[in-house]
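Subject: Handover of a structure model

Dear colleague,

Please find below the structure that I am handing over to you.

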Amino acid sequence: MKFKINPLIHENYPQLVANVVIIKNFNNNPEARVSSQILSILRNNENSLRSAYASKEELFNNPYITSYFDLFRRFGVNPKKVRPSRVALTERVVKGGSLPDINPAVNLYNSFSIKYLIPFGGEDLDKIEEYFELSIASGNEKWLGIGETSSILPFKGDLIWKDAIEVSTTSLNYRQCEKTKLTPETTNGYFISEGFKNVNKDYIEEISTEFIQTFTSLLGGIGEKHLLDIDSPEFMV
C-alpha cells in the first residue's frame, strides 16, 4: 500500500509536510489496568493544558495553532467555524470540558494532540483501499463522517485525505470518516500529524517517536514513521 502526497499539494502548499506513524499488531482491547492508565494520561494532559492556558484566546496565539488557521484560510475555510481537529479538542479542554473516553488508542492519540498542540489523527490501516493520499478535492468525491448516515461532497479545493474509494478526512484534519475509525477490534493503524517545514517539522518528528514508544509500551505492536514532504512525496507499507 502506498501513502503519498499529490503533486498539486506541493505546487500550492510547498511547506506542508505529513508525518505518518504506522503501528501493526497492537491490542486496542487491553486489560482494564492498561485502559485506565491511558485514560489517566489523557486526564493529566487535560489538567496540564488548563494550567498552561488561561483562555482560548491565549491558546490561539500559539504559532503551532495560528499556522494551521492561516492554512485553512488559504484553501477557503474559516477556522472560526471549521476548527482543525486538535484545536477543537484543546478549546474544549481550556473552557473546562473533558474529552470523551472512546477507546485506548483514540484516548492516547488525543492525549498527544492536546499535550503538544499538533494534529494526531488515527485510523484503521486494514480499512484502506489500494492507497492513501493527501490531495485537493475536485468536489466530486464522497465522504461519510463518523456517526453520519449519508455521504456529502467535499467542496472543490478542500484539502482531503482519501483512498481509492472515498474521502477519509476533510479540511486536512477536521473530521474523520466512519469507515476507517479505530475500534476495539483494530490491530493495525496509521497516525498522521500534518505540519510545516518552516514551523514544526522537526518537532512533529520528535513527538512521533515518543508516540510510538508510548503506544507500543502500552498496547503492543511494532511501529515505524515516515515523513511525506516535497522531497519525499510517497512511501510503501
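In what follows, two strands count as paired if DSSP finds at least two bridges between them. Please note from the outset that this is a predicted model.

**The antiparallel sheet**

By that criterion, β3 pairs with strand β7, residues 189-196, in the antiparallel sense, and four bridges connect them. Within this pairing, G121 stands opposite I192 in β7. Both strands belong to an open sheet of four, arranged in the order β3-β7-β2-β8, in which the pairing is antiparallel. The edges are held by β3 (121-124) and β8 (222-228); each has a single partner strand, so one side of each is left without a neighbour in the sheet. From one strand to the next, the twist averages 20 degrees. Helix α7, residues 201-219, packs on this sheet and touches β2 (16-24), β7 and β8. The direction of α7 makes about 165 degrees with that of β8.

**The mixed sheet**

Five strands make up another open sheet, in the order β6-β5-β4-β1-β9, and here the pairing is mixed. At its edges stand β6 and β9 (234-236); each has a single partner strand, so one side of each is left without a neighbour in the sheet. Neighbouring strands of this sheet are turned by 25 degrees against each other on average, direction ignored. Strand β1 (residues 2-5) and strand β4 (residues 131-136) run parallel and are joined by four bridges. In that pairing, K2 stands opposite Y131 in β4.

Two residues connected with this sheet deserve a separate word. M236 is found in strand β9 and is exposed, with a relative accessible area of 53%. Leaving aside its neighbours within four places in sequence, M236 is in contact with M1 and K2. The C-alpha atoms of M236 and E31 are separated by 33 Å, the two residues being 205 residues apart along the chain. E166 lies in the loop between β5 (159-162) and β6 (167-169). With a relative accessibility of 15%, E166 counts as buried. Apart from neighbours within four places in sequence, E166 is in contact with K142, L144 and K179.

**The chain as a whole**

In total, the chain has seven helices and nine strands. Its radius of gyration is 17 Å, close to the 18 Å that the globule rule gives for 237 residues, so the chain is as compact as a globular protein of that length. The C-alpha trace spans about 45 × 40 × 40 Å along its principal axes. Of the 237 residues, 51% count as buried. Among contacts in the chain with a separation of 6 or more, 75% are accounted for by residues 24 or more positions apart. The chain exposes about 10,400 Å², and carbon and sulfur atoms supply 48% of that area.

**Nonpolar cores**

In soluble globular proteins, nonpolar side chains tend to be buried together. Which residues touch the most other members of the largest nonpolar core? Of its 48 residues, they are F3, L16, Y190, F191, F211 and F215. Helix α7 gives the most to this core, with seven residues. Beyond its neighbours within four places in sequence, F215 is in contact with I23, F26, A105, L108, F191 and G220. Apart from this core lies another, of 14 residues, among them F69, V87, V93 and I114.

**Helices α5 and α6**

Helix α5, residues 85-94, is mostly covered, with seven of its ten residues buried. These buried residues are R86, V87, L89, T90, E91, V93 and V94. Their cover includes α2 (32-52), α3 (56-59), α4 (63-74) and α6. After α5 comes G96, whose phi is positive, near 110 degrees.

Is N107 buried or exposed? At 2% relative accessibility, N107 counts as buried. Neighbours within four places in sequence aside, N107 is in contact with I38, L39, L42, P100, D101 and I102.

With kind regards

Technical notes. Residues numbered from 1 in each chain as written. Predicted model: local features only at pLDDT ≥ 70, side-chain atom pairs only at ≥ 80, totals over all residues. Heavy atoms only, no water. Axes fitted to C-alpha atoms, helices over the stretch in contact; angles between N-to-C directions. Contact = heavy atoms within 4.5 Å. Rg over C-alpha atoms; globule rule 2.2 N^0.38 Å. Buried < 20%, exposed > 50% of the residue type's maximum accessible area, 1.4 Å probe, protein only. Areas by Shrake-Rupley, 256 points an atom, 1.4 Å probe, with all protein chains shown as cover. Core = buried A, V, L, I, M, F, W, Y, C linked by side-chain atoms within 4.5 Å.
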